[in-house]
Amino acid sequence: MNTVIQKQTPIQRLQMWFDGFDGPLAFAVFLLACAGLLIMFSSGYDHGTRFADHARNMLIAAFIMFVAAQIPPQKLMSLAVPIYTLGVILLIAVAVFGVTKKGSRRWLNLGVIIQPSEIMKIAMPLMLAWWFQKREGQLRPLDFAVAGVLLAIPVGLILRQPDLGTALLVLSAGLSVIFFAGLSWRWIVPPLVLGLIGIVLLVVFEPGLCADDVNWHVLHEYQRQRICTLLDPTRDPLGRGFHIIQGMIAIGSGGFWGKGFMQGTQTHLEFIPERTTDFIFAAFSEEFGLFGNLFLISSFLFLVYRGLMIALDAPTLFTRLLAGSVTMIFFTYAFVNMGMVSGILPVVGVPLPFISYGGTAMVTLGLGLGILMSIAKAKRLVQT
């Protein structure tokens, strides 16, 4: 009996690479990317090649997403320990002989300048998801304690640089894994209560605590000033409070429908600092108003929802924890950026995903999307 083997056409081979890609997730990212290109054209029109560079960064992120989506979750799991170990070694190298810019030692010169802390945004959830997968069905309090140590090491090294924004993102990613792994609420509620009490005390005693001659010891001076500026931006309206005040003015002046594309006065008269990076949400709000903000927030919420659905349907504990944590990275990025621009969180230098200019962050986001696509693809291929 002869066996007939049908040779695949190039189109069929290409289609195999895209089989299992999550359409709704890709659609949410497409909407955000379009919004990012639109506002970058407006806010960065006199910033040289910002728009072209932003489009290029998006294409690079899309390529990285596509490549990462082809890596099976089992392979990702085998890479968890090596990537985490490499990231910690590079962070130690930064502390010893890193490149210092503007008072911060965050970069490493390896022929090209790299920022190792960016690696930990993905390496941290990979490592902790691997850790809990290895202990599935027999988790003990000690296992959560070890996970806390694995998280504290890179976060401490990043805080030492200092880089509060990246440390916050890495901490959020790690805590998401620990929470999704089943950490008891009795370990979650007390820190939250203490944090709320601390915030209340800080607000009540703000005048005394924010005096110029007061040292908080546990925080760097610039971090203390950021918190004090958040509590009262008008204490230094032309200095430390300038960013927050101008951001809030731009957001409020947009009204419901906004001033229109390329019509933002706060943006184009250069009152908004960092209008293509950290404060691009203020520029977007001014030109597209509350209506545009609702569209932007809805797109982010849909992305987070879809990511959590991928996590819920994932076949193994490792993929569930990883997908859930990567999804929460997107949430943290968006929440912190919008919060700091709106004046409800301190300014910590966190970009708005797919909207803000920046190559390194875009690469990290593309890698995160690729991981989500890989998990969704593996599940769909198993089902078919």
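This is a predicted model: local features need pLDDT of at least 70, side-chain atom pairs count only at pLDDT 80 or more; totals for chains, interfaces and linings use all residues.
Two packed helices are described by the angle between their axes and the distance between the axes.

| Pair | Angle between axes | Distance between axes |
|---|---|---|
| α13 (residues 280–313) and α14 (residues 317–342) | about 165° | 9 Å |
| α4 (residues 73–97) and α14 | about 80° | 10 Å |

Let's take α13 with α14. Angles over 145 degrees count as roughly antiparallel, and the angle here is about 165°, so α13 and α14 run roughly antiparallel to each other. The crossing of α13 past α14 is left-handed. On the α13 side, the residues making the contact include Phe 281, Leu 296, Phe 300, Leu 303, Gly 307 and Ile 310. From α14, Arg 320, Ala 323, Thr 327, Phe 330, Phe 331, Asn 337 and Met 338 are among the partners. Sorted by class, this contact has 17 nonpolar residues, five polar ones and one charged one.

Now for α4. Its axis makes an angle of about 80° with that of α14, and 65 to 115 degrees counts as roughly perpendicular, so α4 and α14 are roughly perpendicular to each other. In this contact, α4 brings Pro 73, Leu 76 and Met 77, while α14 brings Phe 318, Thr 319 and Leu 322. That works out as five nonpolar residues, one polar and no charged.

**Empty space**

Rolling a probe the size of a water molecule over the atoms shows where empty space is left.

Most residues other than glycine have a negative phi, and most peptide bonds are trans. There are two spots to look at with that in mind. Pro 162 sits in the loop between α6 (141–159) and α7 (164–180). The other is Met 262, a residue other than glycine with a positive phi, near 70°. You'll find Met 262 in the loop between α11 (242–253) and α12 (265–268).

Technical notes. Residues are numbered from 1 along each chain as its sequence is written. Side-chain values use heavy atoms; hydrogens and water are left out. Axes are lines fitted to C-alpha atoms, for helices over the stretch in contact, and angles run from 0 to 180 degrees between N-to-C directions. Helices (H or I, at least four residues) and strands (E, at least two) are DSSP runs, numbered from the N terminus. Angles under 35 degrees count as roughly parallel, over 145 as roughly antiparallel, 65 to 115 as roughly perpendicular and the rest as oblique. A crossing is left-handed if the near helix is turned anticlockwise from the far one by less than a right angle, and right-handed if clockwise. Contact means heavy atoms within 4.5 Å. Ala, Val, Leu, Ile, Met, Phe, Trp, Tyr, Cys and Pro count as nonpolar, Asp, Glu, Lys and Arg as charged, and the others, Gly among them, as polar.
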